Amino acid sequence: KEAVAAIGGMSRFVSRGDKVVVKPNIGWDRTPEMAACTNPEVVKALVELVQEAGAKSVIVIDNTTNQARRCYIRSGIQEAVKQAGGTMLFVDEHRVRKMSLGGEWLKDWDIVLDVIEADKIINVPIAKHHSLCRVTLGMKNWLGGIGGARNQLHQRIDEAVVDLASFFKPALTVLDAYRILVRNGPQGGRLSDTELRETVVAGVDTAAVDAMGASFFELTPADVPYLRLAQERGLGRIDLEKLQIEKRKI
């Protein structure tokens, strides 16, 4: 909540009467301690802030990799959203439609309509290691907003990530780095694969938020191919030394 307040508060991003989607990473059948899914307390806080800003509704949804009902429960997110008064929604195959993305590699793909039909989207990824693209952060989180055979994207994952990031338009990105997965990502499975950082990063430029997230893994933004590509395409800034970054310790 302090991170969101530092960039103007939720009312800067959500207007009274808005239908809002909060899009965490709930991809894996893992408990919060394993740092494979977004921390449920981060999701809960955002749902509360969205409601306080006067939203008409707040939906939390993700197209999981493991079985969705198990992921929603075991991640702790389903219960957290219930406590906060939000609505958890499962991806309905009848609500997935092929759409034009206008990407440089991905021309079209199956998109989850319940994500993009919101008035505002809040992207809430977790920071973790990824075996294919080094780290998964905000831009990579959009693979949970699509359907289809997502493993087909792995052959050119960095280009796919950037094409999806140019299609989805979040009003706000909040990166959960409370406990991060530093090896054996994206699903981990051992507490020894995690590190406690007790950090949250909030911003309007997803590329910039991701650049900050990469630093938690001792990577420069230039070490992450999709971040370099995103900057080349004008999707955001990754030059941290030139960005205005406010750090608060609470």
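A contact is counted where heavy atoms lie within 4.5 Å. In this predicted model, residues 24 or more positions apart account for 70% of the contacts with a separation of 6 or more. Local features need pLDDT of at least 70 and side-chain atom pairs count only at pLDDT 80 or more, while totals for chains, interfaces and linings use all residues. Residues are numbered from 1 along each chain as its sequence is written, and side-chain values use heavy atoms, leaving out hydrogens and water.

The protein contains eight helices and ten strands, taken as DSSP runs numbered from the N terminus (helices: H or I, at least four residues; strands: E, at least two). Its C-alpha atoms fill a box of roughly 45 × 40 × 35 Å along the principal axes. The radius of gyration, taken over C-alpha atoms, is compared with a globule rule of 2.2 Å times the number of residues to the power 0.38. For 250 residues a compact globule would have a value near 18 Å, and the 16 Å of the protein agrees with this.

Of the 250 residues, 54% are buried, that is, under 20% relative accessible area with a 1.4 Å probe, protein chains only. In soluble globular proteins, nonpolar side chains tend to be buried together. Here the largest nonpolar core has 76 residues; such a core is a set of buried Ala, Val, Leu, Ile, Met, Phe, Trp, Tyr and Cys residues joined through side-chain atoms within 4.5 Å. Helix H6 (residues 157-167) gives the most to this core, with seven residues. Met 139 is among the residues with the most contacts inside the core, and its neighbours include Val 161, Val 162, Ala 165 and Tyr 226, not counting residues up to four places away in sequence.

Key
Buried means under 20% relative accessible area, exposed over 50%, partly exposed in between (1.4 Å probe, protein chains only).
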